[in-house]
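Try each one before reading its solution.

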Amino acid sequence: MKNKINVWVPVTGLAVGIAAVLLTYLGNPANMGFCIACFLRDIAGSLQMHTAAPVQYLRPEIIGLILGAFVMSLAGKEFKARAGSAPALRFVLGAFVMIGALIFLGCPLRMVIRMGGGDLNAFVGLAGFFIGILIGIFFLKKGFTLKRTYHAAKVEGFTMPAFAVGLLILLLAVPSVLIFSTEGPGSKHAPAIAALVVAAIVGALAQKARLCMVGGMRDAVMFGDFNLLSGFVVIFATVLVGNIILGNFHGFSTYLQPISHASQLWNLLGMVIVGWGSVLLGGCPLRQLILSGEGNGDSAVTVFGMIVGAAFAHNFKLAGAAASLTDDVYSAGGIGTNGKIAAVVILVLLAVISFTNISSEK
């Protein structure tokens, strides 16, 4: 079918790709210029919701994305307070999506960034992500629904922007109450102000473009509409070129990629969870974050579910462990028994949720 081209999508994809390369150059972990799952996990750690010492930092990027989307939605008169679409179920699904992402070690956005860095493990994740989206689409066609949202009091819409401002005050005014990693990914970060400004620009553009990895693949499969998907193709190309220019690209391989593991079955299944859960929610983690900034209380609940899911994943050792090489001793990383059990249980629960929320009126 013929579709109207939204030029904001590739423009936003270019901005995200440049931002990811720039933030990595300024200090963020390799192949992690942007990762919604990783950054929410770090925030959970900084707020002492989990005690995994290597992943504790209050990431300004999350604050910037929310506030950028908030300001852009106000400027475009698109800020609307709304809520009421299965909030408890959305909270749980948000936690499931986060656990799946941490099994894989990245959200869909980081998956694309890892691909642009030459990480072949991320291509396995992409296959799983696509399978999960296809499963979600199957249930959408069967009539799956979390019911409609409703207009809500303005205070509902301001919840997530206010939360972001609160985090910003903690980071800038009273950082002593926070926990910061001294080693590992949490200890690597771009300067706070630079990260905040860059993320705010990306958040504003993502709000304008409605950028969503899940939405892109869903629309391509269901309607033959490749507009949203083009944004992520541009992100991949931009990150790839940026890494080559900066000398950070060393070819495609599965071996010792930054904050990655080569347990391919679990890379695949982790992203099946992310794709399936995100279709049921109506958007990927990035899209949920942007929607929460423009007044969507249901997306705010989802984001809070993701934060709790991140804490749960690390407190109960569900998250993947990255491969490493220390003093010539190689550790393959991968997924422990707890994470494997969690992945299987979550897949079963996603099936239950999908079947039990099929409406008789498609």
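**Exercise 1.** Decide whether L105 is buried or exposed in this predicted model, then find its place in the chain and describe its phi.

*Solution.* Start with the accessibility: L105 has a relative accessible area of 6%. The cut-off for buried is under 20%, so L105 is buried. Next, locate the residue: L105 sits in the loop that links α4 (87-104) to α5 (108-116). Finally, check the backbone: the phi of L105 is positive, about 80°, although the residue is not a glycine. That is worth a note, because most residues other than glycine have a negative phi.

**Exercise 2.** Work out which backbone oxygen lies 3.2 Å from a polar side-chain atom of Q257, and what surrounds Q257.

*Solution.* First place Q257 in the loop between α11 (227-246) and α12. With a relative accessible area of 9%, Q257 is buried. The backbone oxygen in question belongs to G118. Setting aside residues up to four places away in sequence, Q257 touches N31, G117, G118, D119, N121 and G251.

**Exercise 3.** Name the residues that touch the most other members of the largest nonpolar core.

*Solution.* That core has 101 residues, and the answer is F34, L109, M111 and F129. Helix α12 (residues 264-281) supplies its largest share, 10 residues.

How values were computed
Residues are numbered from 1 along each chain as its sequence is written. This is a predicted model: local features need pLDDT of at least 70, side-chain atom pairs count only at pLDDT 80 or more; totals for chains, interfaces and linings use all residues. Side-chain values use heavy atoms; hydrogens and water are left out. A nonpolar core is a set of buried Ala, Val, Leu, Ile, Met, Phe, Trp, Tyr and Cys residues joined through side-chain atoms within 4.5 Å. Buried means under 20% relative accessible area, exposed over 50%, partly exposed in between (1.4 Å probe, protein chains only). Helices (H or I, at least four residues) and strands (E, at least two) are DSSP runs, numbered from the N terminus. A polar contact is a pair of N or O atoms within 3.5 Å; within protein, one must be able to donate a hydrogen and the other to accept it, and residues adjacent in sequence count only if both atoms are side-chain atoms. Contact means heavy atoms within 4.5 Å.
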